[in-house]
Amino acid sequence: MLLLGTSEDDPGHEGSYLTDSIMILSISQSKKDAYMVSIPRDLYVKYGQACNSGYAGKINEYFNCVNSDWNSDKAEDERQASSRKFFGDIVGMDIQYSVHVNYTVLRDLVKALGGVRVTIESRDPRGQMDGNFDWKCKGGNAYATRATMIRNCPPRGHFIDYPNGPVDLDAEHALYLAQARGSTAVSYGFEQSNFDREKNQQKILVAIKDKATSAGTLTDFGKVTGIIDALGKNLRTNFETSEIRTLMSLGSALKSDAIKSISLADATPTLLTSKVIGGASSVVPTAGTYDYSEIQTYINKNINATPVSKESAHVIVLNASGVVGAAKREADKLEKLGMVIDEVSNAQSRTTDNVIYQIGTDKPETKTKLESIYGVKSSTGTPPVTVGKKTQFVVVVGKPTTGTSGVISNN
C-alpha cells in the first residue's frame with residue numbers, strides 16, 4: 001500500500017502539491033505482520049516525462065507531474081495509478097493500493113480518536129524540539145512576549161517540545177510533529193532531518209491504529225465508513241468499499257509489535273548519501289544515482305526476514321563428498337535462507353560425514369539452523385580452510401542434502 005501526504009488544504013503552504021510524505025506499508029494476511037518503509041522526499045529520480053524540474057529531480061514532485069488538475073477525480077485516479085507503478089519500481093514491489101491524504105485527514109482522525117500516544121526516541125537526551133513552529137505559541141500576535149509564548153506553550157514556549165519517552169498528542173500537535181524536522185537553529189533531536197520526521201510519521205500512523213483498535217472503531221464498519229465519508233475528498237484511495245472490511249479485519253488482528261519499520265537511513269552498509277545536483281541537496285543511492293538495486297534487496301530481505309536471514313551470517317561451503325556440484329547446491333540453499341556465502345570450494349580430503357565449524361560465538365539462529373540441516377553439532381575447532389574476517393561458519397559437506405548425481409570432487 002502506497003501512502004502519500006500533501007498539504008494542498010493548508011492555505012499559503014509553499015509546495016503544497018508535493019508529496020513530502022511517502023510511505024509504503026506491506027501487510028501479510030497470513031503472518032499477521034506489517035512493514036513500513038518511508039521513501040525520502042529528496043530522492044533524486046528520473047520522472048520518465050517532463051516535469052517542473054525537467055526530466056529528473058526530487059521524487060516528491062512526481063505525483064503532481066502526472067496530472068496537475070486537482071479538481072478532477074479522473075486526474076486523481078491517474079496520479080495514484082501512475083504513482084503505484086512508479087514508486088513500486090523503485091522499491092521493487094508490486095503495489096496494489098494507494099491512499100492520498102492531506103492535513104485535514106490527519107487532524108480529523110486524531111481529533112475523532114481523542115488524541116494519540118507516541119514514544120519519542122531521540123539520540124539527544126533532551127528529546128526533540130523544533131522551533132520552526134513557535135509561531136503557534138504567539139496566539140496570533142506576531143509581537144507576543146516570551147512570557148505569553150511560555151503561557152501558551154508550557155513549559156518553555158515551544159509548540160513542538162517533547163522529552164524522550166511516551167507523550168500524548170492532540171490533533172494539532174500530532175499534525176505538526178509529523179512535519180517537524182528541526183529546520184531552524186532553535187531545534188534539537190532532529191539530526192537526520194527528514195529521516196527523523198519520517199520515523200515520527202510512522203509512529204503517529206501506528207498510534208492512530210492502536211487508538212482506533214482500543215476504541216473499537218476498527219471493528220465497527222459503520223464508524224469506519226462514516227469517517228471516510230466525513231473526510232470526503234481529503235482522503236482519496238483506490239480501495240473499494242467491499243475491501244474496507246478486509247482491511248479493518250487486518251488492522252484489528254495486527255498487533256503493534258508486529259508492525260516493523262524499515263529505515264533506509266539507518267541501514268548497514270549505508271544505502272543512501274547526499275549529493276548536490278543542480279544546486280540543490282538531494283538524496284541518492286550509494287550504489288549510484290538511479291541504481292535502486294541495493295535498496296530493493298534490503299527492503300525485500302527485511303519484509304521476508306526470518307531469524308536466520310536477520311543474522312546474515314557469512315558461510316564457506318566445502319565439498320568433501322565427491323558428488324559433483326554438491327557444495328554449490330548446498331550454498332544456493334543456504335543463501336536462500338539468508339546466509340551470505342563467502343566461498344564455495346573443494347575440501348582437501350573426502351568424508352561421508354558433515355562437519356560444521358563455528359568461528360566466534362554469535363549467530364545463534366544460524367548455528368541452530370545449520371545443525372538441523374546437517375544433523376550434527378557445530379565444532380569450535382580449526383576449520384580446514386583459511387577464513388576471512390567476516391566468515392562465521394564453515395560447512396564441510398560429506399553427505400549432501402540436495403542432489404546426489406555424479407561423482408568426482410567438483411564444486
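Buried, in this talk, means under 20% relative accessible area, exposed means over 50%, and partly exposed lies in between, with a 1.4 Å probe and protein chains only. By that criterion Lys363, at 17% relative accessibility, counts as buried.

Before I continue, a word on the source. This is a predicted model, in which local features need pLDDT of at least 70 and side-chain atom pairs count only at pLDDT 80 or more, while totals for chains, interfaces and linings use all residues. Residues are numbered from 1 along each chain as its sequence is written, and side-chain values use heavy atoms, with hydrogens and water left out.

Let me begin with the chain as a whole. Of its 411 residues, 47% are buried. The C-alpha trace spans about 85 × 50 × 50 Å along its principal axes. Twelve helices and 19 strands make up the secondary structure; these are DSSP runs numbered from the N terminus, helices being H or I with at least four residues and strands E with at least two. Taking contact as heavy atoms within 4.5 Å, 68% of the contacts between residues at least 6 apart in sequence join residues at least 24 apart. The accessible surface, from the Shrake-Rupley method with a 1.4 Å probe, comes to about 20200 Å², and 51% of that belongs to carbon and sulfur atoms.

I turn to the interior. A nonpolar core here is a set of buried Ala, Val, Leu, Ile, Met, Phe, Trp, Tyr and Cys residues joined through side-chain atoms within 4.5 Å. Which members of the largest core touch the most others? Among its 48 residues, they are Val118, Ile160 and Leu169. Leaving aside residues up to four places away in sequence, Val118 touches Gly165, Pro166, Val167, Leu169, Leu177, Lys203, Ile204 and Ala207. Another core, of 32 residues, lies apart from the largest one and includes Ile39, Val45, Tyr62 and Val283. As general background, nonpolar side chains tend to be buried together in soluble globular proteins.

Helix H9, residues 293–303, has Ile295, Ile299 and Ile303 buried. Seen down the axis of H9, the buried residues fall within an arc of 60 degrees, so they line one face of the helix; the arc is that of the directions from the helix axis to the C-beta atoms. Their cover includes helix H2 (73–91) and strands E2 (21–28), E3 (33–38), E13 (259–262), E14 (272–277) and E15 (280–285).

Next, the backbone. Most residues other than glycine have a negative phi, and most peptide bonds are trans. Where are the cis bonds I wish to show? One joins Pro154 and Pro155, with omega about 5 degrees, and Pro155 lies in the loop between helix H4 (146–152) and strand E9 (160–162). A cis bond also joins Thr268 and Pro269, with omega about 0 degrees; Pro269 sits in the loop between E13 and E14.

As for positive phi, Ser312 has a value near 50 degrees and lies in the loop between helix H10 (307–311) and strand E16 (314–319). Ser312 counts as buried because its relative accessibility is 16%. Lys363, with which I opened, has a positive phi of about 60 degrees and is placed in the loop between strand E18 (355–358) and helix H12 (364–374).

Residues up to four places away in sequence aside, Ala50 touches Tyr55 and Cys65.
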